[in-house]
Amino acid sequence: MCGTCGCGDGDSVTMTDPATGAETILREARARSDHNHGHVHTHADGTTHAHDHNDDHAHAHSHSHDHGHDHGHGHDHSNHDRGDHHSHSPTQAHGADDGLVALQTAVLAKNDAVAAQNRGWFRGRGVLALNLVSSPGAGKTSLLERTIRDFGGEIDIAVIEGDQMTTNDADRIRAAGARAIQINTGSGCHLEADMVASALDALALRAGSLLLIENVGNLVCPAMFDLGERMKVAVISVTEGEDKPLKYPHMFRAASVVVVNKIDLAPHVDFDQAAFLANIKAVNPSAQIIMTSARTGEGMENWRAFLKQEMVKQAQT
């Protein structure tokens, strides 16, 4: 599923509406095999394509060009059929680095095309979509629950919940008073644009809504995948340490806003706020930083003001 790591390959991706219990399979599970491997070909004319093999022995396939190819495990991409043959062993590897880059590029290009469609859909309806990313336990769901309750129906809020398993978070969101759709990724470590597109069909958002997408807890892969959102919002808790932005710079560079949650716990964990803020600015000098406690409500007025401001901007685009 990721650009290169193959997380989630072989697992089903499902979408569940907790209001009705209806479950939809977005991606079918595939049989796993030690010899199930992706294959990338680049021809002399620059054409690149990828396909997948699942076999237990040496195999033949068809090409009329001289080309390098790579065996990367766990990716399922477009198939092809050509008319002449050469044979090779699955243990051979030629141009591995080039093949890996081509495979990642193909995966991300497909995702970005759907993300662009999502973005157009949001703009056409004045829907503000934010992609909330964090490590597990940073308090994304608690932040959303508090946000929904504090707004008290003033604005229309819907949530897409991304987790590997269970509908626990979507159930919490519904109990707080907002519509929610749960996407379970199996062993996948992030949401992708086509998953969001499917959830949009199920949510039937009204014009001018606020859509909060809670991504799978992970500070690595979600940085790579555009969902069509207006921006990424990184949520981090004071319990995670001051050096998180330096350890995961790609995520904090990708985020336009950093919400520092659980600030009520700062005195109990020897949190050095000055050092933490300096580390964020070192990685992303333009990031807007909002300090909050979803438990006590401290700083939540700044978060709500930010959301209202961005909704106005979205309506004007």
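Start with α2. At 1.5 Å a residue, its twelve residues should span 16 Å, and the 17 Å between its end C-alpha atoms agrees with that. The model is a predicted one.

Keep α2 selected and colour it by accessibility. K140, T141, L143, L144, E145, T147, I148 and F151 are buried. Now step one residue past the end of the helix: G152 follows α2 and has a positive phi, near 55°.

**The whole chain**

Zoom out and show the chain as a cartoon. There are eight helices and 14 strands. Of the 317 residues, 51% count as buried. The accessible surface comes to about 14,100 Å², and carbon and sulfur atoms account for 48% of that area. Among contacts between residues at least 6 apart in sequence, 68% join residues at least 24 apart.

**The largest nonpolar core**

Nonpolar side chains in soluble globular proteins tend to be buried together. Here the largest nonpolar core has 29 residues. Select L130, I157 and W303, which have the most contacts inside this core. Then colour the elements that give two or more residues to the core: β8 (128-133), α2 (140-151), β9 (157-163), α3 (168-176), β11 (210-214), β12 (231-237), β13 and α8. Which element gives the largest share of this core? Helix α8 does, with five residues.

**Helix α8**

Select residues 300-316, which make up α8. This helix has 17 residues, and its first and last C-alpha atoms are 25 Å apart, close to the 24 Å expected at 1.5 Å a residue. Show side chains for M300, W303, F306, L307, E310, M311 and Q314, the buried residues of α8. Turn the view until you look down the helix axis: the buried residues of α8 fall within an arc of 135°, so they line one face of the helix. On the face turned away from that buried side, select A315 and Q316, which are exposed.

Leaving out residues up to four places away in sequence, W303 touches L143, T147, V233, V259, I290 and T292. Of these, L143 and T147 are also among the buried residues of α2.

**Aromatic pairs**

How many aromatic pairs does a search of the whole structure find? The search finds three. Two of them are visited here.

Select W121 and F122. Their ring centres are 5.8 Å apart and their planes stand at 85°, so this pair is edge-to-face. Is F122 buried or exposed? F122 counts as buried, at 2% relative accessibility, whereas W121 is partly exposed with a relative accessible area of 23%.

Go back to α8 for another pair, W303 and F306. The ring centres of W303 and F306 lie 5.7 Å apart with the planes at 25°, so the pair is stacked. An α-helix has 3.6 residues a turn, so residues three or four places apart point the same way. W303 and F306 are three residues apart in α8, a separation of about one helical turn. Both W303 and F306 are buried.

**Loop stops**

Select T166, in the loop between β9 and α3. Phi of T166 is near 75°, a positive value in a residue other than glycine. T166 counts as partly exposed, at 41% relative accessibility.

Move to the loop between β13 and α7, and select K262. K262 is not a glycine, yet its phi is positive, about 65°. Its relative accessibility is 24%, so K262 counts as partly exposed.

End at L265, in the loop between β13 (255-261) and α7 (273-283). L265 counts as partly exposed, at 30% relative accessibility. Which residues is L265 in contact with, leaving aside its neighbours within four places in sequence? They are V238 and T239. Draw a distance from the C-alpha atom of L265 to that of T239: the two residues are 26 apart along the chain, and these atoms are separated by 7.5 Å.

Definitions and conventions
Residues numbered from 1 in each chain as written. Predicted model: local features only at pLDDT ≥ 70, side-chain atom pairs only at ≥ 80, totals over all residues. Heavy atoms only, no water. Helix = DSSP H or I, 4+ residues; strand = E, 2+ residues; numbered from the N terminus. Expected span 1.5 Å × (residues − 1). Buried < 20%, exposed > 50% of the residue type's maximum accessible area, 1.4 Å probe, protein only. Arc of directions from axis to C-beta. Phe/Tyr/Trp six-rings, centres within 6.5 Å; stacked < 30°, edge-to-face > 60°. Contact = heavy atoms within 4.5 Å. Areas by Shrake-Rupley, 256 points an atom, 1.4 Å probe, with all protein chains shown as cover. Core = buried A, V, L, I, M, F, W, Y, C linked by side-chain atoms within 4.5 Å.
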